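This report looks at how side chains pack and pair in one protein model. Please have the sequence and the three-dimensional view at hand while reading.

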Amino acid sequence: AVRPYLFALYAFFAETARIPDLVSEPTLGEIRLQWWRDIIEGQSQDHPIALALHETINAFHLPRNALLALLDARVQDLYDDPLPTVTDLEGYAGETQSTLIRLASFILCEGKDPGGADAAGHAGVALARERQRLRIARHDHVAAQHQIGAAGRDADGLDGLGRPAEA
């Protein structure tokens with residue numbers, strides 16, 4: 001049963017993805033990423049996800065360099081700088097989303113390389129682009145809500161988007 005190992009991999013991915021939301025400044029996020037680098041390089045920690053990830057890496061011979069590259073890519077998330085080109089977005093996706101898909105496939109094939117690196121790469125880029133599209137749409141919606149504010153409510157108490165305005 002590989003489910004616990006997949007959970008460990010996805011928990012690691014989720015934990016590292018949420019670091020920017022947990023810290024007040026990028027330097028603190030970089031410290032958290034370094035803590036995860038130490039885990040991947042073999043330092044033991046009494047943390048449930050770290051312990052499970054360490055066991056998963058060893059059980060399925062996951063390439064540590066891929067996990068370290070994922071952490072290096074996560075540094076981008078700590079800063080508000082947009083990725084300047086499509087090539088940069090694809091590189092970021094390759095190191096994050098595609099790596100997750102690829103490592104999960106190693107686990108599903110019991111540590112053997114299942115092939116499909118190109119497919120994982122394309123899937124990761126597609127996933128990253130869709131997430132970016134959704135993030136932009138959400139940001140536009142939030143910005144519109146903020147821009148409407150109290151002055152944007154019409155006589156019926158609806159906001160500029162036709163929904164009941166919140167007080």
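Which residues of the largest nonpolar core touch the most other members?

## Basis of the model

This is a predicted model, in which local features need pLDDT of at least 70 and side-chain atom pairs count only at pLDDT 80 or more, whereas totals for chains, interfaces and linings use all residues. Residues are numbered from 1 along each chain as its sequence is written, and side-chain values use heavy atoms, with hydrogens and water left out.

## The nonpolar core

The residues that touch the most other members are Leu 9, Phe 12, Trp 36, Ile 40, Leu 67 and Ile 107, within a largest core of 28 residues. A nonpolar core here is a set of buried Ala, Val, Leu, Ile, Met, Phe, Trp, Tyr and Cys residues joined through side-chain atoms within 4.5 Å, and buried means under 20% relative accessible area, with exposed over 50% and partly exposed in between (1.4 Å probe, protein chains only). At least two residues of this core come from each of helix H1 (3–17), helix H3 (26–40), helix H4 (48–60), helix H5 (64–74) and helix H7 (97–108); helices are DSSP runs of H or I with at least four residues, numbered from the N terminus.

Phe 12 is buried at 1% relative accessibility. Setting aside residues up to four places away in sequence, Phe 12 touches Trp 36, Ile 40, Ile 49, Leu 53, Leu 67, Leu 70 and Leu 71, where contact means heavy atoms within 4.5 Å.

## Aromatic pairs

There are three aromatic pairs, counted when the ring centres of Phe, Tyr and Trp (its six-membered ring) lie within 6.5 Å, with planes under 30 degrees apart called stacked, over 60 edge-to-face and the rest tilted. Tyr 5 and Phe 60 make an edge-to-face pair, at 4.8 Å centre to centre and 75° between the planes. Because Tyr 5 belongs to helix H1 and Phe 60 to helix H4, this pair ties together parts that are 55 residues apart in sequence.

The ring centres of Phe 12 and Trp 36 are 5.3 Å apart and their planes stand at 65°, so this pair is edge-to-face. With Phe 12 in helix H1 and Trp 36 in helix H3, the pair therefore ties together parts that are 24 residues apart in sequence. Trp 36 is buried, at 3% relative accessibility, and ring pairs link Phe 12, Trp 35 and Trp 36 into a cluster.

## Surroundings of Ser 98

Ser 98 lies in helix H7 and is buried, with a relative accessible area of 5%. Apart from neighbours within four places in sequence, Ser 98 is in contact with Ala 93, Ala 120, Gly 121, Gly 124 and Val 125.
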